[in-house]
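Hi,

Here is the structure I promised to pass on. Have a look, and my notes follow below.

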Amino acid sequence: MRIEKLEIGAYGCFVDRSIPNLPEGLVIVHGLNETGKSTLFSLLTTLLYGFDPVSDFPYRPWHVNRYPELSAVLTLQDGTQTEVWRKLVSSPQGHFTRNGHTEKLANRHLPFVQHVSRDLYRALYAITQANMRSLEKMQMKEIDDRLLSGLGAELLKPTRQVIADLEKQAQKLWRSDKRGKPLYADLQSKLHEAKKDRKQVVERDQALRNKAERLHEVEKRISTLEEELAKLSAQLRKADLLLPLKERMDQIEKWHSDIPDIEATQHLPDGLETEYRRLCDRAENAEEAIQRLKEERKTQVDVQGRFIEGDRFILERAEKIDSWAHRVTAHEQEQHNIEKLERDVDELQRSLESTAASILAEPWRDDFSLTVEGIVLPELKTRTNNFQEKEKAVEQRQTAIESVTPVRMIGELPGWAAVGAITVGLLAVLLGIWFSHAAITPGSTLTLIGITALVFNFFIRHQRSLLEAQRQDEIKRLQKQKQEADGARNEAREEVKEILKDLPIASALLENPDLFLYQAVEGLRLYVGERKQKTDHLQEQQENWKAAQHELQKLVGEFGEQKASLEAVNRLEDRLDTAKDHQRDFNQAANHIKDMNGKLEEAKKALRDATGARDEFMRHVTQVVVEDLPPDEALKRAAELQGILRKIQNAEEQLEMDHPDLPELQEEIRRLEKDNVDDWVLDQAEVENFRIRRDELQDKDGQLQRLRDKRTRLQNEIKNARGDVSVGELDGKIESIEEQIEDVCTQHDHLMLLASLLREADRQFREEHQPDVLKRVSEYLNTITNGRYIHIITLEDEYEEKRLSVISKSGEDRPIAFPLSGGTLDQIYLAFRLAVIDHLDEAYEYLPLVLDEVLINWDDQRFETGVQILSHIAQKRQVFLFTCHDWIVKRIQDAAGISAIILDVS
Amino acid sequence: MEALRLLHVADVHLDTPFYGRDESLRRKLRNACREAFKGAVDAAIERDVHAFLIAGDLFDNELLSFTTERFLLAEMCKLQNARIPVFYATGNHDPGRANYRAQKLEWPSNVHLFTSTTPETVPIVDHKGQQIGWLTAAGHSSTREGDNLATRYKKAKDDLPHVAMLHTQVVNARGADQHERYAPCTGEDLKLPGYDYWALGHVHLRQRVFEDLPAWYAGNLQGRNPKETGLKGALYVEVSKRGLIEPEFIPLSPLVWDHVELACPENACTNAELTTELAACLRQEIDLDDGREHLVRFTLTGESSLADEINKPESLQDLEETIQNETDITWLEIRPRSLLRPVDVESFIGSPTVLGKTLELLERLSTDDEFLDRITPKDLAHSNTEDVRHYLRELANNMDREAASLLVPEQKR
């Protein structure tokens with residue numbers, strides 16, 4: 001790789017600086033101190049690898065406020081060119097061209113330099129006086145590892161690193177020096193704890209077993225004492241319980257013997273005398289009740305006797321009487337109605353006669369009724385109306401005739417006036433003509449007026465005569481009509497007469513039948529009808545009343561009443577009510593008697609029962625006392641026996657209450673009496689001893705209680721001490737930890753073995769496959785030192801640290817350190833570096849090399865040799881040699897065969 | 001006459017140490033052991049057996065806790081209340097000599113101990129008091145009974161079913177090599193007396209010892225570690241003079257150990273894929289729907305791109321928890337065994353690399369003692385190992401793949 005040209009936009013001290021036409025080979029960069037040589041090296045590194053660090057980049061333009069920017073044209077090994085551009089804005093930017101395409105770089109290194117890291121490049125490709133000898137260990141290790149891990153393209157991980165990792169892992173597991181906290185130590189600690197716990201658990205279990213044994217002993221002892229206590233209690237029970245019980249039972253037995261018939265006595269009621277009295281009273285009461293009932297029954301019979309035959313008689317007619325009681329008032333009212341009807345009929349008769357008198361020519365007769373009834377009133381009305389119409393028509397004609405008015409016209413003007421007017425007028429005119437024209441006009445006018453008046457009068461007369469003629473014609477016509485109307489009227493009159501022919505109607509009325517006539521006939525008709533109706537009704541009413549009256553009379557006559565009247569009916573009613581009362585009383589008395597008979601039977605039965613119970617009671621008492629005693633004495637004796645029986649019952653009850661297990665106790669006593677077992681008969685002193693001993697055992701501070709407390713305590717201790725963890729579990733835990741320890745140790749040994757193996761392999765490999773670089777170094781060294789030192793090797797010291805050593809011509813190996821001279825050291829390191837970078841770039845791009853005052857300490861001969869070396873190197877790669885010394889520049893330029901360009905950066 | 005009904009249990013190992021780095025797991029196993037024993041007692045009562053046979057190792061002598069003693073005696077009392085006699089022959093873990101726990105416990109009256117190495121014959125009677133069989137048994141008197149006790153058993157009686165009981169190691173029985181060689185015997189020794197049934201104990205794998213011999217190991221009631229896999233329980237046996245009905249296995253272990261070994265799936269490139277594959281494998285290998293809780297050790301071998309990740313303890317724990325949650329397994333332990341990234345070791349043999357040199361030296365290590373001594377690390381954790389060389393050579397197994405896995409970066413395969 002060769003940098004053809006550089007374009008520096010802004011970088012450190014450089015601003016808009018162009019460095020074109022950089023040659024391949026050696027480029028001498030000459031400049032005084034602080035003129036930008038370091039900046040230039042940084043620029044080269046940045047060009048190849050990108051900005052680092054990005055933040056606080058130290059080579060931001062110092063004098064201008066611009067972003068660092070640079071670009072370059074590179075020619076690669078294969079002759080292709082690439083243009084590279086980088087700029088540091090808020091983030092780094094960059095691109096490069098490849099095969100005509102632009103590819104983004106951002107801040108990445110160029111792909112052509114990936115075989116050498118930035119750090120390595122800085123460390124190796126920038127050789128200065130200062131860093132000549134002080135390769136940082138990291139780079140040294142890196143170089144060493146990379147160089148010695150394999151050849152060709154096969155790259156393995158650095159063996160040293162792998163070994164270090166293995167040893168580190170191993171140390172985490174186990175350490176012989178007991179330093180740190182390896183897992184083994186932790187497991188040992190856990191194991192120790194687990195064993196301690198196990199011991200405690202074993203002790204705990206043993207303690208529990210011991211406690212359990214003690215508990216067993218205590219329980220045995222308690223059992224023994226409790227047995228003794230039970231036995232004592234049994235004995236004392238006999239003494240305290242059974243004996244008194246026996247005494248009580250004996251007493252009860254004696255009482256039993258005092259009662260002859262205990263069953264009978266049990267059945268005796270309490271309060272014998274009271275009971276006896278009660279029974280006697282009961283019998284007496286029953287008798288009294290019977291007596292009462294009988295008397296009451298007699299009373300009711302008497303009541304029944306009051307209901308007599310007469311009451312029955314009237315009751316049989318009760319319905320009629322009740323009926324007349326309701327009707328009698330209406331009956332009397334009916335009589336009044338009949339009288340009124342009679343009056344109405346009379347009134348109608350009078351009206352009829354009056355109306356008949358207004359139109360008839362004769363007094364009314366009843367036989368006229370038929371005729372009147374036969375008249376068809378609507379026909380009569382029609383005919384009458386017809387006559388009236390005809391009459392009216394005649395009158396109208398007449399009226400019309402009369403109403404033909406004489407002709408009346410406007411009267412004629414007085415003829416004389418007209419003649420006069422004409423005359424005057426003519427005169428006036430003449431006058432006017434003769435004397436004054438003024439009179440002409442009035443005269444003319446007057447003349448005209450007069451003429452007009454004459455004409456008018458003529459007209460009026462003519463008209464009058466015409467009208468008069470017309471009037472006469474009209475009169476004739478109307479007269480004719482009147483005649484016709486007269487004829488019609490006469491016919492209508494005859495029709496009216498025809499209807500009324502059977503009635504002697506007054507002729508004047510017939511001649512001129514009018515509404516009056518019709519209304520009168522109508523009235524007659526009405527009165528006749530009404531009279532007939534009322535007369536019929538009156539007859540009917542009279543007949544009904546007579547019949548009812550007859551009936552009533554008959555009824556009251558049965559009861560001795562003379563007159564059928566309201567009073568008679570009221571009296572009958574009263575008698576009827578009385579009869580009803582009697583009847584009701586009779587019926588009630590019958591019910592009472594029936595009821596009483598029932599009660600009487602009951603009372604008799606009660607009496608029988610009472611006397612029976614009393615007798616039975618006394619028989620019972622007699623049975624109890626056995627002896628034949630008078631009632632009072634027998635009762636007394638029975639009461640005594642009852643008392644005894646109560647005592648027995650009380651005693652037995654008490655016994656049962658006091659001893660719920662009485663049957664068992666009784667059985668026990670019987671058995672003891674029979675067998676005389678276990679000292680049934682007890683001595684009091686013995687009993688007392690038993691009691692003392694029992695109290696001792698029962699004493700809450702006594703031995704038994706203490707043992708019980710101890711038992712409880714032991715039980716609680718056992719319960720509390722049991723714990724969750726068993727020895728087996730802990731053994732499992734211990735086994736598990738031991739297994740882990742075993743694993744850890746095995747794993748440690750495995751790792752260490754592997755590390756040891758790798759180390760040995762690594763060492764052997766180094767020996768067998770000494771890297772090309774060391775050979776190159778040796779070659780370079782041999783050349784640089786003119787054969788004084790021929791070889792450079794790496795050896796490991798006792799700490800397994802790598803160190804470089806040189807082998808002199810004489811075969812002596814000397815570590816590359818003091819007391820080798822500074823110049824020699826420089827040469828060695830230079831050789832080393834040159835060899836390394838040759839080796840690293842082998843098969844890749846040869847990266848530019850920067851040397852800064854590296855020849856400064858060399859003697860002439862070595863200087864010459866060094867220059868030759870540089871020129872040799874420059875054949876393969878571009879070398880930038882920085883110096884501030886003119887003489888170095890000159891000497892290099894004077895060296896044959898070297899073309900160099902001086903880059904003045906002052 | 002009705003057949004003799006027996007419940008045969010052995011190797012209960014109450015309070016034995018259980019496997020597990022997790023205290024809760026050990027506690028669970030301990031409780032499971034008790035539950036299993038309780039289940040056996042309940043089964044015996046339910047089936048109204050004529051005898052409850054315990055063929056040794058009922059508990060671990062030194063480890064029997066006070067609480068477990070109480071529990072054990074309470075269960076015996078239950079059998080007593082059900083009028084079931086218990087015949088208990090002691091084993092190497094619960095020997096019968098006077099100073100051992102078996103003799104010291106306050107057994108209820110229905111428990112008959114066989115603590116002597118001399119076989120004793122007792123009648124078996126039913127509830128009515130009628131004898132319906134015989135039992136001959138002997139017990140271990142110490143923890144290291146080396147004699148063949150089976151040869152001391154006399155000929156069986158022929159009037160009634162005659163059962164024998166012994167805690168013994170029948171040589172050639174499956175799993176016998178897993179146990180100490182105490183009271184050893186052979187099949188011939190068991191066949192000779194002609195018993196109708198041999199109730200054996202000591203080997204924890206349930207099995208009929210030989211096809212032509214009515215001798216069974218009941219196996220233990222609850223697996224103690226991942227080597228004791230599968231369901232455990234008791235044997236219900238009906239014995240008559242007409243013959244023996246195939247004993248019925250009564251599963252009693254609440255917890256079941258399983259061990260699955262699997263080459264890590266190569267196609268699993270992510271944790272999620274690996275989880276899915278492993279979970280699927282577990283479901284395939286283990287019947288998780290049998291109503292039991294499963295404790296699984298999962299050994300992963302082979303190569304996987306996830307090897308580095310899996311080998312980290314925290315990642316392993318995450319993987320275990322995830323698979324546990326997905327499969328509903330009660331407890332899961334994943335053990336990577338030589339699980340490494342895929343590396344083409346072959347290609348490095350003879351290569352001019354440190355790895356090539358390492359492989360060469362590994363070859364040498366297996367035969368060159370001097371070399372081995374030279375590279376033996378100065379400080380070994382197992383410094384007291386008798387045969388260091390053997391030990392180191394054991395450690396060097398598979399070290400070639402491991403070295404390659406360490407040296408070759410991940411992208412280089």
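In this predicted model, α5(A) and α17(A) are roughly antiparallel to each other (angles over 145 degrees count as that). Helix α5 (residues 183-258) of chain A packs against helix α17 (residues 631-658) of chain A at about 155 degrees, the axes being 9 Å apart. On the α5(A) side the contact (heavy atoms within 4.5 Å) includes Leu245(A), Met249(A), Ile252(A) and Trp255(A); α17(A) brings, among them, Leu641(A), Ile644(A), Ile648(A) and Leu655(A). By type, the contact has nine nonpolar, two polar and five charged residues.

Now the aromatics. There are 20 aromatic pairs over all chains (ring centres within 6.5 Å; planes over 60 degrees apart are edge-to-face). One of them is Phe37(B) with Phe52(B), edge-to-face at 6.2 Å centre to centre and 90 degrees between the planes. Phe37(B) sits in helix α1 (residues 23-46) of chain B and Phe52(B) in strand β2 (residues 51-55) of chain B, 15 residues apart. Phe37(B) is buried at 0% relative accessible area (buried means under 20%, with a 1.4 Å probe and protein chains only), and Phe52(B) is buried at 0% too.

Trp257(B) and Trp331(B) have ring centres 5.6 Å apart and planes at 80 degrees, so this pair is edge-to-face. Trp257(B) is in strand β16 (residues 255-263) of chain B and Trp331(B) in strand β18 (residues 331-336) of chain B, so the pair ties together parts 74 residues apart in sequence.

Residues are numbered from 1 along each chain as its sequence is written, and chains are lettered from A and ligands numbered from 1 in the order in which they are written. Local features need pLDDT of at least 70, side-chain atom pairs count only at pLDDT 80 or more, totals for chains, interfaces and linings use all residues, and side-chain values use heavy atoms, leaving out hydrogens and water.

Cheers

Terms used. Axes fitted to C-alpha atoms, helices over the stretch in contact; angles between N-to-C directions. Helix = DSSP H or I, 4+ residues; strand = E, 2+ residues; numbered from the N terminus. Parallel < 35°, antiparallel > 145°, perpendicular 65-115°, else oblique. Nonpolar A, V, L, I, M, F, W, Y, C, P; charged D, E, K, R; others polar. Phe/Tyr/Trp six-rings, centres within 6.5 Å; stacked < 30°, edge-to-face > 60°. Buried < 20%, exposed > 50% of the residue type's maximum accessible area, 1.4 Å probe, protein only.
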